[in-house]
Amino acid sequence: MIESEFKVFIKGICNYFERKRPQDDTLELWFDCVKWIKSDSLDFIQKKIQNNNDTFPKNLPNAIISAYHVFMDSRLNAEEDQVYVECPHCLEGFIYTTKKAWGMNYHFTFRCGVCRQRNEKGLPIKTPWEIEQAGYDIIDGGVEVLAPPVDKNRVVSLLKEIV
Ligand SMILES: [Zn+2]
(Lines give C-alpha, C1' and ligand atoms only; values in the text may rest on other atoms or scores of the structure.)
Protein backbone atom coordinates (compact mmCIF):
# COMPACT_ATOMS: atom_id res chain seq x y z
CA MET A 1 0.00 0.00 0.00
CA ILE A 2 1.06 3.59 -0.28
CA GLU A 3 1.12 6.10 2.54
CA SER A 4 -1.96 8.03 1.45
CA GLU A 5 -4.01 4.83 1.44
CA PHE A 6 -2.75 4.05 4.92
CA LYS A 7 -3.73 7.52 6.13
CA VAL A 8 -7.26 7.09 4.83
CA PHE A 9 -7.41 3.70 6.54
CA ILE A 10 -6.19 5.15 9.87
CA LYS A 11 -8.67 7.98 9.60
CA GLY A 12 -11.48 5.45 9.21
CA ILE A 13 -10.38 3.39 12.21
CA CYS A 14 -9.87 6.47 14.39
CA ASN A 15 -13.31 7.79 13.49
CA TYR A 16 -14.90 4.45 14.27
CA PHE A 17 -13.35 4.23 17.73
CA GLU A 18 -13.68 7.98 18.34
CA ARG A 19 -9.99 8.34 18.88
CA LYS A 20 -7.65 11.19 18.03
CA ARG A 21 -5.44 10.59 15.03
CA PRO A 22 -1.83 9.66 15.95
CA GLN A 23 1.16 11.96 15.56
CA ASP A 24 2.99 11.90 12.24
CA ASP A 25 5.96 10.11 13.85
CA THR A 26 3.73 7.35 15.13
CA LEU A 27 1.92 7.12 11.85
CA GLU A 28 5.20 6.75 9.99
CA LEU A 29 6.37 4.04 12.36
CA TRP A 30 3.13 2.14 11.91
CA PHE A 31 3.27 2.55 8.17
CA ASP A 32 6.78 1.07 8.14
CA CYS A 33 5.46 -2.04 9.86
CA VAL A 34 2.61 -2.68 7.46
CA LYS A 35 3.43 -1.06 4.14
CA TRP A 36 4.11 -4.43 2.52
CA ILE A 37 0.44 -5.28 2.88
CA LYS A 38 -1.52 -4.94 -0.33
CA SER A 39 -4.06 -2.16 -0.33
CA ASP A 40 -6.88 -4.30 -1.69
CA SER A 41 -7.04 -5.99 1.72
CA LEU A 42 -7.50 -2.75 3.69
CA ASP A 43 -11.31 -2.76 3.63
CA PHE A 44 -11.36 -6.29 4.95
CA ILE A 45 -8.77 -5.43 7.63
CA GLN A 46 -10.67 -2.38 8.77
CA LYS A 47 -13.93 -4.31 9.17
CA LYS A 48 -12.14 -7.14 10.94
CA ILE A 49 -10.49 -4.79 13.44
CA GLN A 50 -13.74 -2.94 14.05
CA ASN A 51 -15.64 -6.18 14.60
CA ASN A 52 -13.03 -7.78 16.84
CA ASN A 53 -12.26 -4.87 19.16
CA ASP A 54 -14.28 -2.86 21.61
CA THR A 55 -11.66 -0.14 21.72
CA PHE A 56 -8.84 1.08 19.51
CA PRO A 57 -6.26 -1.76 19.44
CA LYS A 58 -3.29 -1.27 21.76
CA ASN A 59 -0.88 -2.35 19.06
CA LEU A 60 -2.48 -1.36 15.81
CA PRO A 61 0.22 -2.67 13.43
CA ASN A 62 -0.07 -6.11 15.04
CA ALA A 63 -3.84 -5.99 14.75
CA ILE A 64 -3.49 -5.06 11.08
CA ILE A 65 -1.06 -7.90 10.39
CA SER A 66 -3.17 -10.52 12.11
CA ALA A 67 -6.29 -9.34 10.28
CA TYR A 68 -4.27 -9.54 7.08
CA HIS A 69 -3.39 -13.17 7.84
CA VAL A 70 -7.09 -13.93 8.08
CA PHE A 71 -7.60 -12.16 4.76
CA MET A 72 -4.81 -14.16 3.13
CA ASP A 73 -6.06 -17.45 4.55
CA SER A 74 -9.53 -16.89 3.17
CA ARG A 75 -8.12 -15.87 -0.18
CA LEU A 76 -5.63 -18.70 -0.45
CA ASN A 77 -8.49 -21.10 -0.09
CA ALA A 78 -10.47 -19.33 -2.78
CA GLU A 79 -7.83 -18.71 -5.40
CA GLU A 80 -5.53 -20.79 -7.51
CA ASP A 81 -3.52 -18.14 -9.30
CA GLN A 82 -1.61 -16.21 -6.72
CA VAL A 83 -0.11 -12.81 -7.09
CA TYR A 84 2.54 -12.59 -4.44
CA VAL A 85 2.94 -9.55 -2.28
CA GLU A 86 6.35 -8.04 -1.90
CA CYS A 87 7.36 -8.89 1.62
CA PRO A 88 10.77 -7.66 2.80
CA HIS A 89 11.42 -10.94 4.61
CA CYS A 90 11.05 -13.48 1.83
CA LEU A 91 10.85 -14.20 -1.87
CA GLU A 92 7.24 -14.62 -2.91
CA GLY A 93 6.47 -16.20 0.42
CA PHE A 94 9.47 -18.51 0.63
CA ILE A 95 12.61 -18.20 2.74
CA TYR A 96 15.54 -20.20 1.43
CA THR A 97 18.15 -21.38 3.90
CA THR A 98 21.10 -23.65 4.38
CA LYS A 99 22.14 -25.61 7.43
CA LYS A 100 25.23 -27.61 8.15
CA ALA A 101 24.60 -31.14 9.30
CA TRP A 102 26.96 -34.11 9.39
CA GLY A 103 29.58 -32.01 7.63
CA MET A 104 27.29 -31.25 4.71
CA ASN A 105 25.46 -28.10 3.72
CA TYR A 106 21.76 -28.85 3.35
CA HIS A 107 19.15 -26.60 1.82
CA PHE A 108 15.81 -25.97 3.44
CA THR A 109 12.87 -23.91 2.32
CA PHE A 110 10.41 -22.34 4.73
CA ARG A 111 7.16 -20.53 4.25
CA CYS A 112 7.53 -16.97 5.46
CA GLY A 113 5.82 -16.50 8.81
CA VAL A 114 5.57 -12.75 8.38
CA CYS A 115 3.44 -12.50 5.25
CA ARG A 116 2.12 -16.08 5.29
CA GLN A 117 1.18 -15.96 1.66
CA ARG A 118 2.08 -19.57 0.84
CA ASN A 119 -0.04 -22.59 1.57
CA GLU A 120 2.37 -25.38 0.66
CA LYS A 121 1.47 -27.65 3.51
CA GLY A 122 4.72 -29.62 3.55
CA LEU A 123 6.86 -26.60 4.36
CA PRO A 124 7.03 -25.22 7.89
CA ILE A 125 5.94 -21.64 8.53
CA LYS A 126 8.63 -19.66 10.31
CA THR A 127 9.69 -16.07 10.67
CA PRO A 128 13.27 -15.17 9.69
CA TRP A 129 14.03 -14.66 13.39
CA GLU A 130 12.83 -18.11 14.33
CA ILE A 131 14.76 -19.59 11.44
CA GLU A 132 18.03 -17.96 12.41
CA GLN A 133 17.51 -18.88 16.03
CA ALA A 134 17.18 -22.50 14.95
CA GLY A 135 20.64 -22.30 13.37
CA TYR A 136 19.75 -21.96 9.70
CA ASP A 137 21.54 -19.48 7.47
CA ILE A 138 19.16 -17.52 5.30
CA ILE A 139 20.34 -17.26 1.72
CA ASP A 140 20.44 -13.60 0.73
CA GLY A 141 17.97 -12.84 -1.98
CA GLY A 142 16.66 -16.36 -1.69
CA VAL A 143 18.60 -17.48 -4.73
CA GLU A 144 18.20 -21.16 -5.32
CA VAL A 145 21.85 -22.21 -5.36
CA LEU A 146 21.21 -25.88 -5.04
CA ALA A 147 22.50 -28.03 -7.88
CA PRO A 148 20.13 -30.69 -9.14
CA PRO A 149 20.54 -33.94 -7.23
CA VAL A 150 23.00 -36.38 -8.74
CA ASP A 151 21.41 -39.53 -10.04
CA LYS A 152 23.95 -42.26 -9.29
CA ASN A 153 22.57 -44.71 -11.86
CA ARG A 154 22.77 -42.08 -14.55
CA VAL A 155 26.41 -41.35 -13.67
CA VAL A 156 27.28 -45.04 -13.78
CA SER A 157 25.67 -45.53 -17.16
CA LEU A 158 27.38 -42.41 -18.52
CA LEU A 159 30.73 -43.75 -17.32
CA LYS A 160 30.04 -47.08 -19.02
CA GLU A 161 29.31 -45.25 -22.28
CA ILE A 162 32.56 -43.30 -22.03
CA VAL A 163 34.60 -46.43 -21.27
ZN1 LIG B 1 7.21 -12.88 3.61
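**Note on the predicted model: sheet, helices and cores**

1. Start in the sheet: Thr97 faces Ile138, a residue of strand 4. Thr98 stands opposite Asp137 in that strand. Strand 4 covers residues 137–138, and two bridges tie it to strand 1 in an antiparallel run. Strands here are DSSP runs (E, at least two residues) and helices are DSSP runs too (H or I, at least four residues), both numbered from the N terminus. Two strands pair if DSSP finds at least two bridges between them.

2. A word on the basis. The model is predicted, and local features need pLDDT of at least 70, side-chain atom pairs count only at pLDDT 80 or more, while totals for chains, interfaces and linings use all residues. Residue numbers start from 1 along each chain as its sequence is written.

3. Overall make-up. The protein has six helices and four strands. From the N terminus on, the order of elements is α-α-α-α-β-β-β-α-β-α. The protein has 163 residues, of which 16% count as buried. Buried means 20 or more other C-beta atoms within 10 Å of the residue's own; exposed means 12 or fewer; partly exposed is in between, with C-beta atoms placed from the backbone. Among contacts with a separation of 6 or more, 58% join residues 24 or more positions apart. A contact means two C-beta atoms, placed from the backbone, within 7 Å.

4. Strands of a sheet pair through backbone hydrogen bonds, either parallel or antiparallel.

5. The hairpin. Strand 1 (residues 94–101) and strand 2 (residues 104–112) run antiparallel, joined by eight bridges. Phe94 has Arg111 of strand 2 as its bridge partner. The two strands form a hairpin with two residues between them. In the turn, Trp102 has a positive phi of about 50 degrees.

6. Helix 1. This helix has 14 residues and reaches 20 Å from its first C-alpha to its last, close to the 20 Å expected at 1.5 Å a residue. The expected span is 1.5 Å times one less than the number of residues. Phe6, Phe9, Ile10 and Ile13 are its buried residues. They cover an arc of only 100 degrees around the axis, so they sit on the same side of helix 1. The arc is that of the directions from the helix axis to the C-beta atoms. Ser4, Lys11 and Asn15, on the other side, are exposed. The buried residues of helix 1 pack against helix 2 (24–34) and helix 3.

7. Helix 3. In this helix (residues 42–52), Leu42, Ile45 and Ile49 are buried. Seen down the axis, the buried residues fall within an arc of 60 degrees, so they line one face of helix 3. Asp43 and Asn51 are exposed on the other side. Ile49 touches Ile13, Pro57, Ala63 and Ala67, leaving aside residues up to four places away in sequence.

8. The cores. A nonpolar core is a set of buried Ala, Val, Leu, Ile, Met, Phe, Trp, Tyr and Cys residues joined through C-beta atoms within 7 Å. The largest has 12 residues, including Phe6, Ile37, Ile49, Ile64, Tyr68 and Met72. Helix 1 (3–16), helix 3 and helix 4 (60–78) each supply at least two residues of this core. Another core, of eight residues, lies apart from it; Cys90, Tyr96, Cys112 and Cys115 are among them.

9. Two glutamates to check. Glu18 follows helix 1, in the loop between helix 1 and helix 2. Phi of Glu18 is near 50 degrees, a positive value in a residue other than glycine. Glu18 counts as exposed because it has 8 C-beta neighbours inside 10 Å. Glu92 lies in the loop between helix 4 and strand 1. Glu92 is not a glycine, yet has a positive phi of about 45 degrees. With 15 other C-beta atoms within 10 Å, Glu92 is partly exposed.
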